[in-house]
Amino acid sequence: MPTSITSPTSITSPTSITSPANRTAPRCVELAAVFQDQLLEEPLSTGASAALRRRQLALITLAKAACRECPLITDCLYRAVVEYDVAGYVAGTTPPQRALIRRRLDITVEPENFDTMAGVTRGNRQVNHSEVVRLRKANPHESLDLLAQRLGCSLSTVKRHLRRERREPNVRRTKPKPTVADVLAAAATVTSSSTVSRRPQAA
């Protein structure tokens, strides 16, 4: 559970995270209280106090140092940019930075619909084609009726989208994924320009 903004996580100096205890574990797991802090999960409002901004900067500094020494940073960054639209500070990047990296690479990653995946329905609603196809591929052995219940739409809607998927060539949706080198290069450009353009906050 994210730490409350009003009950600050104890922020340790970045130099204290370089303990050789377990260098193969993800650093974000070892420092869960930092990475799950609400200040890293959600952007600050424009009217946030200087104290909150300083605390957020301290958390980002600690998280950045942890990511930099993590053995999984490359894989973590690639997945967070190319495969999953995740929240929070990940692999040395913020959500706005990852969005900019995707724009540079000309890729789109749809956020996961957790309600749909969990089977939460909202009555008959409009669903888009990719949502139906994606859920069908994720659950190939489920009945179409159960799929319709998960999506909160009618059975005929599911059938219509699946017929369309069979009729239309897959070529139109196939786009090569960027390489790891592409992602690393775009991330280096975005994060360095963000650092240069950042101005110190007023006290």
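1. Let's start at the end of a helix: aspartate 106 comes after α6, and its phi is positive, near 60°. Do bear in mind that this is a predicted model.

2. Stepping back into α6 itself, which spans residues 95-105, you will find Gln97, Arg98, Ile101, Arg102 and Leu105 buried. Viewed down the helix axis, the buried residues of α6 fall within an arc of 140°, so they line one face of the helix. Pro96 and Arg103, on the other side of α6, are exposed.

3. Now for a pair of helices. How do α9 and α10 cross? The axes of α9 (residues 144-151) and α10 (residues 155-167) come within 8 Å, with a crossing angle of roughly 105°. Angles of 65 to 115 degrees count as roughly perpendicular, and α9 and α10 are therefore roughly perpendicular to each other.

4. Which residues meet where these helices touch? From α9 come Leu144, Asp145, Leu147, Ala148 and Leu151, and they meet Leu155, Val158, Lys159 and Leu162 of α10. Sorted by class, this contact has seven nonpolar residues, two charged ones and no polar ones.

5. One more residue in α10 deserves a look: serine 156.

Key
Residues are numbered from 1 along each chain as its sequence is written. This is a predicted model: local features need pLDDT of at least 70, side-chain atom pairs count only at pLDDT 80 or more; totals for chains, interfaces and linings use all residues. Side-chain values use heavy atoms; hydrogens and water are left out. Axes are lines fitted to C-alpha atoms, for helices over the stretch in contact, and angles run from 0 to 180 degrees between N-to-C directions. Helices (H or I, at least four residues) and strands (E, at least two) are DSSP runs, numbered from the N terminus. Angles under 35 degrees count as roughly parallel, over 145 as roughly antiparallel, 65 to 115 as roughly perpendicular and the rest as oblique. Contact means heavy atoms within 4.5 Å. Ala, Val, Leu, Ile, Met, Phe, Trp, Tyr, Cys and Pro count as nonpolar, Asp, Glu, Lys and Arg as charged, and the others, Gly among them, as polar. Buried means under 20% relative accessible area, exposed over 50%, partly exposed in between (1.4 Å probe, protein chains only). The arc is that of the directions from the helix axis to the C-beta atoms.
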